[in-house]
Amino acid sequence: CNHFFAVQHCCLCRLSAGLSRMSKNRTWVNQRVHGFNPMGKPRDEGPKRPFDKQSGGGEDRRSNFDKLTLRLLNLYLEKKWNAEARMLDLSGLVDAEDLAELSPSLNKWSFCEKLALCIKNGKAWCQALDSINLSHNGITTLRHIAQSFVESDIRLLNLSLSSNAVNELSEVDHLDRLKLREVMLSNNPIARRGDEYHRYVVKKLRTIELLDTVPVKEWRKQLLPKLPDPRDSQMTTEANGAMVFQMCRMYFKCIDESNFDAVLDAYDNEAMFTQVSDSTRSIVYQHPQSKMYHQNLTAKSHNIRFLADKGQGSKESTRFVFRGRPAIIEFLRKDVYGRIKTVHDVSRFKADAIIMGSTVVATVHGSYEYKVDADKNTVYKRCFDRVFLLKPNKAGTEWPARIANDMLTIRESEEFPIVLPEPDIKAKLMLATGLNDAFASLLLKESNNNYEQALMLFNQNKAQGMIPAEAFAVAPVG
């Protein structure tokens with residue numbers, strides 16, 4: 001092993017000496033002055049020297065210099081490769097004596113480009129690289145590092161940028177395209193901003209799970225919209241709350257079954273309907289008709305700002321306000337739900353309701369899955385917010401109320417659910433399993449308040465005989 005490292009050190013010394021001789025050569029200096037930067041691309045300014053076969057020419061000299069640069073970097077990377085940790089430890093690279101002739105800087109595109117090329121072509125780690133440590137390198141901008149890694153298709157799980165000089169939070173934006181699982185930015189000026197720093201990084205880098213070795217789950221939850229809890233908000237009487245959920249169950253069951261004739265009876269004769277759909281830029285469409293469907297909804301949004309950006313006036317904004325039951329059902333059947341097959345889970349909806357005179361104002365928040373008719377192999381997910389104005393049903397139909405006004409907002413699916421479980425989920429679990437209150441609460445906590453997952457965990461543990469007898473309200477049968 002000592003002989004191997006001695007040979008490597010000898011090679012590095014020879015390459016460094018070669019670079020030093022080239023930098024002292026007057027012809028080479030003239031070539032740099034008249035249009036070449038050895039660590040970057042040819043400069044635009046200055047006259048170009050003609051190719052001289054006898055002297056070797058500027059192109060040959062630059063090519064030789066680049067080859068030596070890449071060779072020197074490759075030898076350095078080989079020394080820094082940790083196969084056991086699957087990591088390139090490039091901490092303090094800019095101060096490495098082996099690279100002193102290159103004047104390395106991770107704030108310059110020219111050097112980052114060459115470094116990324118060497119990393120990409122490294123045979124020892126090309127299929128095994130998970131992490132790169134770039135701490136203690138005086139980095140002030142992350143733009144060139146991120147861009148060079150993306151262009152060289154370097155895929156990482158973890159990237160350490162700690163103990164550098166990143167001063168602007170906006171620099172974090174450049175890391176988004178790397179799709180990292182963990183990033184370390186501690187001991188940078190931006191990390192001194194505390195919660196502002198945490199929220200910004202977690203918001204911009206949606207794929208990370210760890211920030212400075214700390215899980216980001218709780219910070220990510222704090223970014224979700226704050227919604228009122230029906231158990232302690234201005235909810236109406238229990239009977240009216242039950243009416244709202246019954247209305248939702250019936251309504252969305254008909255939607256999922258494409259039973260628009262039944263939905264017709266849910267609306268008042270003079271009802272009004274509007275919808276707003278975002279541009280869904282983050283959705284990757286697997287079929288052209290999927291994209292057309294979402295573009296159509298966006299184009300027919302009752303979004304005054306969207307119309308203003310298109311240069312359309314106030315008259316155009318009223319075009320997509322649908323009045324009367326026939327117009328509403330036609331729009332729902334043709335545009336909103338007619339081209340897709342939906343699945344709504346009402347048990348995970350969240351609703352609030354207050355009484356205003358004889359009208360109930362109900363706000364409903366939830367999510368749904370759907371497939372486009374022409375793209376049945378892809379399941380899409382969206383969230384929605386809906387405001388219903390409900391009036392007493394005097395028409396004699398089975399609906400518990402009639403919809404006087406319906407405002408629908410469709411938006412991107414959140415990474416974490418914004419809805420709470422039904423208030424009686426614990427009682428439902430206790431009834432199904434026979435568990436007492438304490439153990440049912442523990443099981444729900446372990447399953448993140450997901451009833452199906454809690455029931456699955458219960459059955460698995462029961463089959464293995466891991467549930468103690470005291471966990472049950474009464475002794476289990478069998």
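Predicted model: local features only at pLDDT ≥ 70, side-chain atom pairs only at ≥ 80, totals over all residues.
Leaving aside its neighbours within four places in sequence, with which residues is S152 in contact?

View 1. Residues are numbered from 1 along each chain as its sequence is written, and side-chain values use heavy atoms, with hydrogens and water left out. Beyond neighbours within four places in sequence, S152 is in contact with A116, L117 and K120, where contact means heavy atoms within 4.5 Å. S152 lies in the loop between α5 and β4 (158-160); helices (H or I, at least four residues) and strands (E, at least two) are DSSP runs, numbered from the N terminus. S152 counts as buried because its relative accessibility is 12%, and buried means under 20% relative accessible area, found with a 1.4 Å probe and protein chains only.

**View 2. The largest nonpolar core.** A nonpolar core is a set of buried Ala, Val, Leu, Ile, Met, Phe, Trp, Tyr and Cys residues joined through side-chain atoms within 4.5 Å. The largest one has 48 residues, and those with the most contacts inside it are I119, I132, L134 and F149. Two or more residues of this core come from each of the elements α3 (57-80), α4 (109-120), α5 (143-151) and α6 (195-204), and the largest share, six residues, comes from α4. Apart from residues up to four places away in sequence, L134 touches L90, L106, I139, I145, F149, L159, S160, L161 and N164.

**View 3. An open sheet of seven strands.** The seven strands follow the order β1-β2-β3-β4-β5-β6-β7, and their pairing is mixed; two strands pair if DSSP finds at least two bridges between them. At the edges stand β1 (81-82) and β7 (214-215), each of which pairs on one side only. Strands of a sheet pair through backbone hydrogen bonds, either parallel or antiparallel. Strand β6 (residues 210-211) and β7 run antiparallel and are joined by two bridges, and L210 stands opposite P215 in β7.

**View 4. The protein as a whole.** The secondary structure comes to 16 helices and 14 strands, and buried residues make up 42% of the 478 residues. Among contacts between residues at least 6 apart in sequence, 68% join residues at least 24 apart. The accessible surface, computed by the Shrake-Rupley method with a 1.4 Å probe, comes to about 26500 Å², of which 51% belongs to carbon and sulfur atoms.

Key. Buried < 20%, exposed > 50% of the residue type's maximum accessible area, 1.4 Å probe, protein only.
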